[in-house]
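The following account leads through the structure shown below, from a charged side chain to the nonpolar core and the aromatic pairs.

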Amino acid sequence: MTVPGLRELYESYSKRVFNTVLSIVQNASDAEEITQDVFIEIHRSIDRFKGESSITTWIYRVSVNHALDFLRYKRRKKRWAFFVRDDTPVDVPDFHHPGVA
């Protein structure tokens, strides 16, 4: 089975990948970045494509997986932002000496 080159894959599938990713992440700039990541991943792992499904199906799965990973990362980052230490000084009253702030 002959697999097309990266340029041919990009020209054939970049719009589909972008639209698929955009439907998941709901942000055009994030979708553009993820689309680039998808094609980097395709380039790195094209030799592992077994041909058990069509290349379109494989690219679709890579796209969806990258978009979902992005959302998980974003959610995890948001959750941990709560615990990040803020170095803003806080005026805490001295409870050992009543009336002293």
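**A walk through the predicted model**

D30 touches V25, F70 and K74, residues up to four places away in sequence not being counted; contact here means heavy atoms within 4.5 Å. The model is a predicted one, in which local features need pLDDT of at least 70 and side-chain atom pairs count only at pLDDT 80 or more, while totals for chains, interfaces and linings use all residues. Residues are numbered from 1 along each chain as its sequence is written, and side-chain values use heavy atoms, with hydrogens and water left out.

D30 belongs to helix 2, which spans residues 28–45. Helices are DSSP runs (H or I, at least four residues), numbered from the N terminus. Is D30 buried or exposed? D30 is buried, a term that denotes under 20% relative accessible area, with exposed meaning over 50% and partly exposed in between (1.4 Å probe, protein chains only). Even so, D30 has no salt bridge, and K74, the nearest side chain of opposite charge, is 4.0 Å away. A salt bridge requires a side-chain nitrogen of Lys or Arg within 4 Å of a carboxyl oxygen of Asp or Glu; Lys and Arg count as positive, Asp and Glu as negative, and His and the chain ends are not counted.

The largest nonpolar core has 16 residues, of which Y13, V17, V21, I42, I55, W58 and I59 touch the most other members. Such a core is a set of buried Ala, Val, Leu, Ile, Met, Phe, Trp, Tyr and Cys residues joined through side-chain atoms within 4.5 Å. At least two residues of this core come from each of helix 1 (6–25), helix 2 and helix 3 (55–81). Beyond its neighbours within four places in sequence, Y13 is in contact with F39, I55, T56 and I59.

Two aromatic pairs are present in the structure. Rings of Phe, Tyr and Trp (its six-membered ring) pair if their centres lie within 6.5 Å; planes under 30 degrees apart count as stacked, over 60 as edge-to-face and the rest as tilted. Y10 and F39 form an edge-to-face pair, at 4.9 Å centre to centre and 70 degrees between the planes. Because Y10 lies in helix 1 and F39 in helix 2, this pair ties together parts that are 29 residues apart in sequence. Y10 is partly exposed at 43% relative accessibility, whereas F39 is buried at 6%. The rings of F49 and W58 have centres 5.2 Å apart and planes at 45 degrees, so that pair is tilted.
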